[in-house]
Amino acid sequence: MKQLLQNVKNGNTTIEEVPMPTPREGMALVKIAASLVSAGTERMIVEFAEKNLVGKARSRPDLVKQVIDKARREGIVPTLQAAFNRLDQPMTLGYSSAGTIVALGKNMQGFKVGQRVACAGAGYAVHAEYNIVPRNLITPLPKNVDFESAAFTTLGAIAMQGFRLAEPQLGENVAIIGLGLLGLLTIQLAAAAGCNVLGIDLDPKRIKLASSLGFEAVTRQNAESASVAFTANRGFDSIIICADTSSNDPIELAGVIARDRAKVVATGAVGLTIPRKIYFEKEISLINSRSYGPGRYDPSYEENGNDYPIGYVRWTEGRNLQSVVDLMAGGKLKVAPLISHRFPIEQAATAYDVITGKKKETFLGVLLTYSETVEKLESSKVVRFNAQTFNPSNNVKLGVLGAGLYANSTLLPVIKNNKDFELIGIASSGGLHAQHSGKKYGFQYATSSDDEIINDPNVNTVAILTRHDTHADLVIKALKAGKHVFVEKPLAINSVQLLAINKQLKANSQSLLTVGFNRRFSPLALKLFASLSHRSEPLHAHYRVNAGYIPLNHWTQDANLGGGRIIGEGCHFIDLITFLVGAAPVSVTAHALPDNGKYRMDNVSMTFTFPDGSIGVVDYLASGDKSFQKERVEVFCAGQIAVLDDYRSLTIVKDGKRSVEKLSAQDKGWRNEMQAFARAIREGGAPPIPYDQIMGVTQSTFAAVESIQNTKLIEI
């Protein structure tokens, strides 16, 4: 399928052939007929992408600081590589589209194939021939609402939310400042609600268009005097600002024309420096409207499909979307007169020349249109490249599931030039990231189907880099198919999954399994291990992790998706101590600081005991400053002290002598681990990490969570 993409690194806007996405649970696959180009949000993204590196840095000083802090911790080269990798990721554009459902994921009751719908959401309702959209961001279309009109639904919901926040009453006076696309939708909504509406804009052409639609409108120059006449000198009850400008003038004007105790709602992106005197004297309420309505930016609502009860939240973003199409169906919201340009998807780059001013054309509603031809769903899930093949018999023939940040910033750069690996296929459910990574790293094909990779006879090894909740099922499927498996941590997020993997691993004993416990393969960790190889007594290891704060609504914090931070990331640090001891823990006692509504068991101290009497302490803390080094390991044993700092330096003190080894850049062992995995596959040796340690470390994370919850020691 064709999709419009923005490259933030070089500023290019291109049309790419991308695998058709596969709808996950709670999502629909929609064949798009029309999508709306946002002259605000999308223009801002394109203009940012077109800046040079200096310009990008100046516009985002917050990100520059993060890069500098990372360079101090990890070294300049890996930091630059990570930064450029982020910039190189394709960015989807668009958030408002309409089309026909052609396939449904599980649990999509109430929707059916062939149903006409409007779609919303950045990352979902994008400029592409096919969209996968969650259930709460889809709304059915009445028969008399055409696709071009329906493509405005999301923008209409933004206007609707701003209007609802103003809480106007029937017969009240409402001013709309800014008569661009958003303002012209808002003025119609206000009129449909029985309000007396006055529009205000700088552009006489927009005043004329508003007048042609039957609304009273004036230029900014005449706004104050017209407001006096319009409201009989009482002032407006509500002022909704729909302008798109960095100027503070709309806020100042709103204060002047408002009545005592009026409401001002900022729906557009405008300067928000409030003139205190007039806002204080009139006791004006200012509200900054947040997108389409309640549910926006809530993953539980948007991604997981959990609706809010109508008795508690009358107008969610989904209900606002439905309200907009109902108004269109009733003839109270007319968008056809607002369409100034139509471009087929193949000419989408020209649309961005229009909205960024390169074409010097007046514009308003800019639509992209799509072919009515429906592709064959299965055959369209694969895009093949003219990639070089190595094909020696001893290669690891790799298929990759997942093409997100970890894949692109860590694993794929490590194996790209490793001749042990032949890169066959890569999959991502949306198709886009697989297509980008497939071309960039030289895979033979990209797909949106995991089964395409797992069932490919040319693939003998599968790397699973997907979200944590999918790891166990994919590991089992790949093992059943007779593949060797590398899975990024965690191996599983609960004991039931772990038992199922263990059972399948025994049934497929010819297949090798390893987990992304990369730290045990780092050069300095290997030297630390070697220094302890002749120990004759237990050791004590203390691993302090400055993990950094992650918001509670992030998917890794969800026990059902990410497993939580102890299971999802804490396993790394337990594994490093397990490696040093040579055996998995046998018990754990764990304690957590109070969450206080900000954390979710991510400030913890875990004490593990091992079969030989060794003790390992992992202090995993999210309450620190991320600019400080992340990881420090201290080991005491047999007259020796060793300190490993952030995998950049190792200090060993023994017999009064101190040896220090430093690396120019952080090395956490990813390259060494993949080489060890390839060697084990090629030579038929033992797995790079003993299975009892993989299983024991994973089980230890479950036990640590249980210990915190039950405040007692847990035998593993």
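Buried here means under 20% relative accessible area, exposed over 50%, and partly exposed in between, with a 1.4 Å probe and protein chains only. Helices are DSSP runs of H or I with at least four residues, numbered from the N terminus. The model is predicted, so local features need pLDDT of at least 70 and side-chain atom pairs count only at pLDDT 80 or more, while totals for chains, interfaces and linings use all residues. Residues are numbered from 1 along each chain as its sequence is written, and side-chain values use heavy atoms, leaving out hydrogens and water.

Let's start with helix H16, which spans residues 432-441 and is mostly covered, with seven of its 10 residues buried. The buried ones are Leu 432, Ala 434, Gln 435, His 436, Ser 437, Gly 438 and Tyr 441. After H16 comes Gly 442, with a positive phi near 85°.

Now to the nonpolar cores, each a set of buried Ala, Val, Leu, Ile, Met, Phe, Trp, Tyr and Cys residues joined through side-chain atoms within 4.5 Å. The largest one has 75 residues, and Val 475, Leu 491, Ile 501, Leu 513, Tyr 543, Met 606 and Val 635 have the most contacts inside it. Helix H21, residues 565-581, gives the most to this core, with 10 residues. Another core lies apart from it, with 49 residues, including Ala 166, Ile 176, Leu 182 and Val 335.

Tyr 543 is worth a visit: leaving aside residues up to four places away in sequence, its contacts (heavy atoms within 4.5 Å) include Arg 519, Phe 573, Asp 619, Glu 631 and Tyr 647.

Finally, the cysteines: Cys 119 is buried, at 1% relative accessible area, and Cys 637 is buried too, at 6%.

Note on methods: Helix = DSSP H or I, 4+ residues; strand = E, 2+ residues; numbered from the N terminus.
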